[in-house]
Amino acid sequence: MTATPAVSVDSLRVEFPTKGGSFVAVKDVRFEIMPGEILGVVGESGSGKSVTSAALLQLTKFSAGRVVAGSMRLVRGDGSIVDLRRSDERRMRNVRGNEIGMIFQEPVIALNPAYTIGWQLSEGLRIHKGLSGKEANASALELLQKVRISNPKRRLKQYPHELSGGMCQRVVIAMALACEPRVLIADEPTTSLDVTVQAEILSLIALLRKETGAAVLLITHDMAVVAQMADRVVVMYRGEVVEEGSVRQILHHPRHSYTRALLAAVPKIGEMTGTDGPKRMKIASQSGKEFSPAVASEEPLLEVRELTKRFPVRGGILRRVVANVHAVECVSFGVNRNETLALVGESGSGKSTVGRCILRLEEPDSGELTFEGQNLLTLSRAGMRNQRRHMQIIFQDPYGSLNPQMRLLDQVAEPIRNYRLDKGTAVEDRVASLFDRVGMPRSFLRRYPSELSGGQRQRVAIARSLALNPKFIVADEAVSSLDVSIQAQVLNLMMELQADLGLSYLFISHDMAVVERVSHRVAVMYQGRIVEIGPRASVFGSPGHQYTKTLLAAVPRMDPDVSFADIEVQARALPSPIRSVDHQPSSSRYREILPGHFLLRNDLY
């Protein structure tokens with residue numbers, strides 16, 4: 001590394017106007033990034049991470065934000081300095097993409113659905129480098145090859161919706177690298193991606209850093225990602241930098257209480273070795289009563305047998321069925337009382353469809369669903385509605401699962417009133433007790449969802465799912481969108497509720513570290529089938545299927561001595577689940593490799 005930083009920020013202050021006056025989003029932030037260095041910026045949502053990166057590119061002004069103090073300087077390769085704060089828009093248009101590249105969090109949103117991948121890649125090359133259309137197309141092809149995207153010639157002619165999330169993110173990285181920027185900003189580049197795709201993308205960023213020598217600003221809330229990616233770390237809290245140091249110093253000798261809380265809340269693969277059941281998450285700042293996670297019963301609550309669900313693909317002028325999407329194929333498992341069965345796998349593996357079929361939010365094509373001895377598939381619509389009193393679901397998105405125009409009190413009370421359970425009872429008192437149960441202040445009863453954080457909204461969603469005193473809850477990626485410390489609080493809440501109320505969970509997730517912490521048993525799904533199922537300790541300690549091993553290998557670890565650049569994840573895109581109309585798949589056959597631990601005989605991987 002040279003002695004001159006590629007970019008430096010000093011005493012940065014950013015404010016946003018509100019009805020009550022100016023809101024200070026970033027206060028007195030300072031840091032430097034050297035060429036070839038990865039600086040990790042960590043903190044929860046609202047800590048000022050993304051605002052800081054947006055200020056570097058003068059993007060805050062497009063959302064009414066103002067940089068009111070401080071300096072931001074970019075040092076070019078020839079030693080000249082660009083004052084990023086005082087540069088006019090003409091100069092900033094040249095800086096954006098040309099001098100500073102940006103990898104956005106949501107690849108699907110970052111790409112224009114109306115233009116091909118090739119057009120979007122070549123646009124920046126034509127504008128910033130003055131290349132002809134033919135030259136820009138040739139460079140676009142080289143960029144796709146550099147980010148290791150499969151079949152790059154074909155991808156140039158495709159549209160974003162035709163690519164997977166991981167492929168779209170590779171395209172966004174290629175766009176950020178198109179003009180060989182001196183600084184690369186990666187703003188939560190893997191938050192929405194599956195664990196194997198995340199490993200591939202982070203490995204790619206680490207490799208490209210070595211090849212190009214670019215300075216990288218990596219923004220994330222995942223301390224395990226920082227451990228394996230960053231050279232130095234800046235910890236932000238409520239708009240301020242509370243700690244800065246080398247990655248080893250921050251991980252092994254954190255000084256600030258907030259940093260210690262972030263590190264304590266990170267679930268770590270392998271820390272459950274030697275334990276059979278779930279274990280509460282470590283939260284440094286959490287106070288309250290201790291609890292022992294539930295011990296699973298041997299009494300069955302739910303039985304799923306040969307569950308199959310296909311979605312028709314229609315084509316032609318007459319819109320006839322020309323193929324089927326085999327979303328779920330011959331899936332069988334059971335959930336006992338007081339037990340958490342985790343269903344894991346990548347996007348498209350069929351996890352969520354299984355959960356929705358159990359509740360008959362999607363009608364299965366075939367199979368058996370037995371809940372407390374009752375065959376759910378024989379129930380009428382009215383009968384299934386009554387059965388759902390005992391079966392509830394917590395959705396992934398806490399922002400989309402609540403009605404923005406209803407008070408929280410009314411939303412939690414709604415199922416009570418719908419099932420006419422409010423006779424002779426004070427509904428508000430019932431809702432208030434549910435708020436107490438999930439750790440929400442009663443003063444929030446008359447608030448609206450827009451006044452809550454993501455973690456608070458998810459607590460309200462959990463309170464609503466408990467309103468009818470259910471016995472079984474499908475938690476569909478219920479914590480995947482939450483910051484690590486909020487995630488830990490919600491997971492502890494779910495385990496506490498299970499211990500107190502005897503709940504059973506089908507815990508759907510792609511986060512293996514979280515699954516190891518909260519589950520009694522684990523079922524791994526791949527291509528619509530369960531390829532491995534067994535006790536959590538057995539599946540994590542002695543994985544039998546290659547796909548399970550791939551998922552475990554891709555989990556980021558809190559070890560700065562292991563770099564993503566050194567990891568080869570043997571991941572591949574999920575094969576297309578679309579089959580011809582007359583396709584007849586084979587039945588799922590299993591063999592027992594350890595007590596209660598079964599492995600699929602069919603060769604799918």
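How far is the sulfur of Cys357 from the closest cysteine sulfur, and in which residue does that closest sulfur lie? In this predicted model, the closest cysteine sulfur to that of Cys357 belongs to Cys330, at 13 Å, which is too far for a bond. A disulfide requires two cysteine sulfur atoms within 2.5 Å, and a search of the whole structure returns 0 disulfides. Cys357 is buried, its relative accessible area being 0%. Cys179 is likewise assigned to the buried class, with a relative accessible area of 7%, because the class comprises values under 20%.

Aromatic contacts were examined next. A pair of aromatic rings is described by the distance of the centres and the angle of the planes. The count of aromatic pairs comes to 4. One of them is formed by Tyr115 and Trp119, whose ring centres are 4.2 Å apart and whose planes meet at 20°, so the pair is classed as stacked; the cut-off for this class is an angle under 30 degrees. Both residues fall in the partly exposed class, Tyr115 with a relative accessible area of 36% and Trp119 with 33%. The ring of Trp119 is also involved in a contact with a charged group: the charged end of Arg126 sits over this ring, 5.5 Å from its centre. A further arrangement of this kind involves Arg447, which lies over the face of Phe444 at 3.8 Å from the ring centre.

The packing of helix α14 (residues 408-418) was then considered. The axis of α14 and that of helix α16 (residues 454-465) come within 8 Å of each other and cross at roughly 30°. The two helices are therefore roughly parallel, since angles under 35 degrees are classed in this way. On the α14 side, the contact is made by Leu408, Gln411, Val412 and Pro415, and on the α16 side by Val460, Ala463 and Arg464.

The residues of α14 that are buried are Leu408, Leu409, Gln411, Val412, Ala413, Pro415 and Ile416. These buried residues pack against α16 and also against α15 (427-437). Among the buried positions of α14 are Leu408, Gln411, Val412 and Pro415, which also take part in the contact with α16. Beyond the helix, α14 is followed by Arg420, for which phi is positive, near 55°.

Methods. Residues numbered from 1 in each chain as written. Predicted model: local features only at pLDDT ≥ 70, side-chain atom pairs only at ≥ 80, totals over all residues. Heavy atoms only, no water. Buried < 20%, exposed > 50% of the residue type's maximum accessible area, 1.4 Å probe, protein only. Phe/Tyr/Trp six-rings, centres within 6.5 Å; stacked < 30°, edge-to-face > 60°. Lys NZ or Arg CZ within 6 Å of the ring centre and 35° of its normal. Axes fitted to C-alpha atoms, helices over the stretch in contact; angles between N-to-C directions. Helix = DSSP H or I, 4+ residues; strand = E, 2+ residues; numbered from the N terminus. Parallel < 35°, antiparallel > 145°, perpendicular 65-115°, else oblique. Contact = heavy atoms within 4.5 Å.
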